[in-house]
Amino acid sequence: MKTILLITVFAFITISINAQIINANLIASGLTCSMCSNSIFKSLKNISFVESVESDVENSAFKIIFKTDENVDLDALQKAVVGAGFSVAKLTFVMNTNSLDVKDKSLVEIDGKTFYFVDMKDKTLNGKVELRLLDKEFNSPKEYKKVKKKLYSDSEKRVFNVSI
Amino acid sequence: MYLFKQMKNILLFICMMLVAKSNAQELYVYTEPASNIPAHLLSTRIMTSLYKKKVGSGTNIHFMPEIRYGISGNLMVQTQAFISTRNESLFAEGGSIYSQYKFLNRDEIKRHFRMALFGRASFNRSDIHQEEIETVGHNTGYELGVIATQLLHKVAISSMLSYERALDNGSQNEFPKTQDNSATNYSLSFGKLMLPKKYVSYDQTNFNLMCEFLGQRLNGSGKSFLDIAPAIQFILKSRTRIDVGYRHELYSTMLRSAPNGLLVRFEYNFYNVLTKK
């Protein structure tokens with residue numbers, strides 16, 4: 001019953017809109033030294049849709065600028081960090097929006113990706129908006145525990161849980 | 001040798017300082033941490049060791065060139081060659097293959113706890129001249145073990161436990177029947193990042209201090225040894241590594257040919273090898 005209800009809700013609120021992800025800020029965990037940070041830097045730079053990467057070695061933080069008009073695969077960022085031997089503790093990304101209506105606890109299809117918005121008031125997004133990914137593999141175990149219950153959990157499709 | 005003595009004193013002092021503070025980072029000189037090298041990283045190393053002979057005079061010099069590759073973030077492979085100056089001229093004694101698999105990874109900001117399994121298979125054709133079993137550069141054989149590593153900001157602590165088995169060194173040098181052919185190895189390693197105090201770029205030289213305790217117990221007779229091995233390490237431009245360490249026997253109840261000596265290693269890393277962009 002719950003599934004049917006979710007599917008119905010999903011069908012009603014899914015809207016497909018074009019919006020470009022411009023950049024992302026990533027904080028990696030599990031490292032201190034610059035050699036480790038450099039490994040992450042090199043593997044992020046090697047991703048096909050990444051234009052450039054700036055790193056803040058002290059805080060294991062990376063600002064990633066994406067190529068325009070290329071599809072940004074957020075999961076590929078996480079895989080690059082894990083491949084380097086570390087984890088993602090936080091990922092926020094900036095997206096260009098244009099009259100995008102979003103509601104709390106609702107699914108929105110943007111540029112071929114499905115997002116589930118949590119912890120927000122219903123609003124219309126315009127211009128550059130920064131979103132935070134709440135999924136398990138993009139957060140430290142401690143942070144994930146805090147938001148876990150609020151997340152959309154349907155394994156059928158890749159849904160990115162986000163908050164503003 | 002005067003140089004050995006001086007070096008030993010300095011490094012022992014470093015070691016005491018480290019332990020007193022209770023703790024390099026985890027790129028240990030004498031052991032591997034549970035953290036693997038990154039996926040698609042090709043790491044090249046050349047290690048030279050100079051060990052003072054216990055019986056008679058002279059120094060045993062070994063060269064060990066090495067290549068490591070990260071197949072994935074969890075699996076790495078390594079191959080190493082053993083060359084020595086045993087017969088006055090350079091002598092290719094053998095080589096080994098090594099693989100390490102990280103099976104546990106718990107990351108937090110500037111912290112981690114990791115565990116890994118490793119295995120090594122070695123071939124060596126030199127003569128067997130000691131009771132100590134060492135598949136890195138002395139014995140044909142294999143080693144299987146487990147490693148646990150904890151990183152706490154600038155300090156890393158790691159421990160290893162392994163089973164090592166020696167076989168005949170080719171058909172020319174059979175393993176002596178009177179000697180124990182298997183051993184249990186254990187280690188406890190401390191490392192601390194000393195410099196830079198604060199990171200601003202990848203070009204800053206990193207300076208690490210390490211202190212490791214390396215032990216072995218022969219499974220049959222119970223004969224054992226314990227060594228202390230302090231080391232200093234420089235990391236240049238976040239991709240070149242230089243290690244200098246001194247290994248010193250604290251006690252031993254078994255015959256060892258040359259337990260005390262100096263180690264120098266040079267490492268250079270190539271990133272994103274064998275990947276498509």
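**View 1. Asp203(B) sits in a loop of chain B.** The loop joins strand S8 (182–195) to strand S9 (206–218) of chain B. Leu236(B) is 33 residues away from Asp203(B) along the chain, and the C-alpha atoms of the two are separated by 6.9 Å.

**View 2. Ser43(A) is a buried residue in helix H2 of chain A.** Here the count is 28 other C-beta atoms within 10 Å, so Ser43(A) is classed as buried; the cut-off for that class is 20 or more. Leaving aside residues up to four places away in sequence, Ser43(A) touches Ala80(A), Gly83(A) and Ala84(A) in chain A, and Pro38(B) and Asn272(B) in chain B. Gly127(A) lies 84 residues from Ser43(A) along the chain, with 30 Å between their C-alpha atoms.

**View 3. Helices H2(A) and H3(A) cross in chain A.** Two packed helices are described by the angle between their axes and the distance between the axes. For H2(A) and H3(A), the axes come within 8 Å and the crossing angle is roughly 145°. The crossing is right-handed. On the H2(A) side the residues are Ile40(A), Ser43(A) and Leu44(A), and they meet Leu77(A), Ala80(A), Val81(A) and Gly83(A) of H3(A). By class, this contact has 5 nonpolar residues, 2 polar residues and no charged ones.

**View 4. Chain A and chain B meet in a contact with 22 residues from chain A and 31 residues from chain B.** On the side of chain A that touches chain B, the elements giving two or more residues are helix H2 (34–45), helix H3 (74–83) and strand S5 (87–102). H2(A) gives the most, with 6 residues. The chain A side is made up of 7 nonpolar, 13 polar and 2 charged residues. For the model, ipTM is 0.81 and pTM is 0.85.

**View 5. Residues 19–24 of chain B have pLDDT under 50.** The model has 15 contacts beyond four places in sequence for this stretch. Where pLDDT is low, the predicted coordinates should not be read in detail. Over chain B, the mean pLDDT is 89, and 90% of the residues reach 70 or more.

Technical notes:
Residues are numbered from 1 along each chain as its sequence is written. Chains are lettered from A and ligands numbered from 1 in the order in which they are written. This is a predicted model: local features need pLDDT of at least 70, side-chain atom pairs count only at pLDDT 80 or more; totals for chains, interfaces and linings use all residues. Two residues are in contact if their C-beta atoms, placed from the backbone, lie within 7 Å. Helices (H or I, at least four residues) and strands (E, at least two) are DSSP runs, numbered from the N terminus. Ala, Val, Leu, Ile, Met, Phe, Trp, Tyr, Cys and Pro count as nonpolar, Asp, Glu, Lys and Arg as charged, and the others, Gly among them, as polar. pLDDT is the predictor's confidence in each residue, from 0 to 100. Axes are lines fitted to C-alpha atoms, for helices over the stretch in contact, and angles run from 0 to 180 degrees between N-to-C directions. A crossing is left-handed if the near helix is turned anticlockwise from the far one by less than a right angle, and right-handed if clockwise. A residue is buried if 20 or more other C-beta atoms lie within 10 Å of its own, exposed if 12 or fewer, and partly exposed in between; C-beta atoms are placed from the backbone.
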